Amino acid sequence: MKINRHGRAKILRQSEIQLVFSHGLESERDKTLFGVCLFTAARIREACTLLTEDIYTPNGKVRPRLIIRKANTKGKLATRSIPVIEDLRQLLNNYYPISGDIYLFPGRSNGHISHDSAARILRMACKQVGIIGVSTHSFRRTALTQMSNAGIPLRVIQEISGHRNLEQLQKYLEVSDEQVLGAAASLSMLSPVGENVGKLDYIFIKAPRRATGGGGKE
């Protein structure tokens, strides 16, 4: 469900992500499925159609890079290879004993779990923890926005997202009220009114972000 977002899925805060994974999603499969969406910015269809052999080595070790095959991507543009970070590696390690023989996330028949089933699982999880406005696309939008806010160049993010061009990618990224306020406040440095008028407000707006941002671009 998307509420007052012009058809765009909600961007999740870190506290909401923790709530969904700790008290909403119940099974290892569901946590791993949406962990893939979060930590690789994969579309839900891409995550549902992942092949087990593209995730694990023959002896059950998690591969260093997750493969999203061209045939399963939107528009069938190109195969993507995405580094597996430690958080995702832990999820995949725990999930390995119950992973499918062919598809990573098997369905009730011989195929993979459907994206409709995945969406239904997420709706129930979010309802259980009282979060509204979330869809399966929320994890992709959240991941891409987080990378952008961390100062990662759009061209690099595009390699992970698989967007056809930067214009399409930019439509995914959400600008926060804090960012807009900071941008407007930066204009106080141009003020002809007085030497210090407005400049202190700009300093106080920026200071908390420096204190909690951890550098951002490293």
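On a 1 Å grid over the protein atoms alone, a cavity is a set of points where a 1.4 Å probe fits but cannot get out, and a residue lines it when one of its atoms comes within 4 Å of a point. Keep that in mind for later; first, some ground rules. This is a predicted model, with residues numbered from 1 along each chain as its sequence is written. Local features need pLDDT of at least 70, side-chain atom pairs count only at pLDDT 80 or more, totals for chains, interfaces and linings use all residues, and side-chain values use heavy atoms, with hydrogens and water left out.

## The overall layout

Ten helices and two strands make up the secondary structure here. Helices are DSSP runs of H or I with at least four residues, strands are runs of E with at least two, and the numbering starts at the N terminus. Walk along the sequence and you get α-α-α-β-β-α-α-α-α-α-α-α.

Of the 218 residues, 39% are buried; that word means under 20% relative accessible area, while exposed means over 50% and partly exposed sits in between (1.4 Å probe, protein chains only). The protein exposes about 13100 Å², and 54% of that comes from carbon and sulfur atoms; the areas come from the Shrake-Rupley method with a 1.4 Å probe. As for contacts (heavy atoms within 4.5 Å), take those with a separation of 6 or more: 58% of them join residues 24 or more positions apart.

## Nonpolar cores

A nonpolar core is a set of buried Ala, Val, Leu, Ile, Met, Phe, Trp, Tyr and Cys residues joined through side-chain atoms within 4.5 Å. The largest one has 37 residues, and L33, F34, L66, L92, L104 and F139 have the most contacts inside it. Two or more residues come from each of α1 (14-24), α2 (28-40), α3 (44-48), β1 (65-68), α4 (86-95) and α5 (115-129). Helix α5 is the top contributor, with six residues. Another core lies apart from this one: it has seven residues, including A41, I157, L169 and L173.

What does L92 touch, leaving aside its neighbours within four places in sequence? The list is T32, I55, Y56, V62, V84 and L104.

## A few residues up close

| Residue | Relative accessibility | Class |
|---|---|---|
| T32 | 0% | buried |
| T136 | 15% | buried |
| E28 | 34% | partly exposed |
| Q90 | 46% | partly exposed |

T32 lies in helix α2. Beyond residues up to four places away in sequence, T32 touches L91, L92, Y95 and F105. E28 also belongs to helix α2, and once neighbours within four places are set aside, its contacts are N94, Y95 and I98. The C-alpha atoms of E28 and S99 are separated by 9.9 Å, although the two are 71 residues apart along the chain.

Q90 has its place in helix α4. T136, meanwhile, is in the loop between α5 and α6 (138-149). Skip its neighbours within four places in sequence, and T136 is in contact with F34, I44, A118, A119 and L122.

Then there's A41, in the loop between α2 and α3. Most residues other than glycine have a negative phi. A41 has a positive one, near 60 degrees. Is A41 buried or exposed? A41 counts as buried because its relative accessible area is 0%.

## Empty space

Rolling a probe the size of a water molecule over the atoms shows where empty space is left. The structure holds one cavity of 30 Å³ or more, and the largest cavity has about 30 Å³ of space. Such a volume is the space filled by probe spheres set on the grid points, which are joined across faces, edges and corners. Its lining consists of E46, T49, L50, L51, D54, I67, I68, R69 and N72. By class, that comes to four nonpolar, two polar and three charged residues. Here Ala, Val, Leu, Ile, Met, Phe, Trp, Tyr, Cys and Pro count as nonpolar, Asp, Glu, Lys and Arg as charged, and the others, Gly among them, as polar.

A pocket, by contrast, is an open set with protein on both sides within 12 Å along at least five of seven lines. The second largest pocket holds about 260 Å³. It is lined by 16 residues, of which R43, I44, R45, E46 and N72 are the closest to its centre. Helix α3 gives the most to this lining, with four residues. The classes here are five nonpolar, seven polar and four charged.
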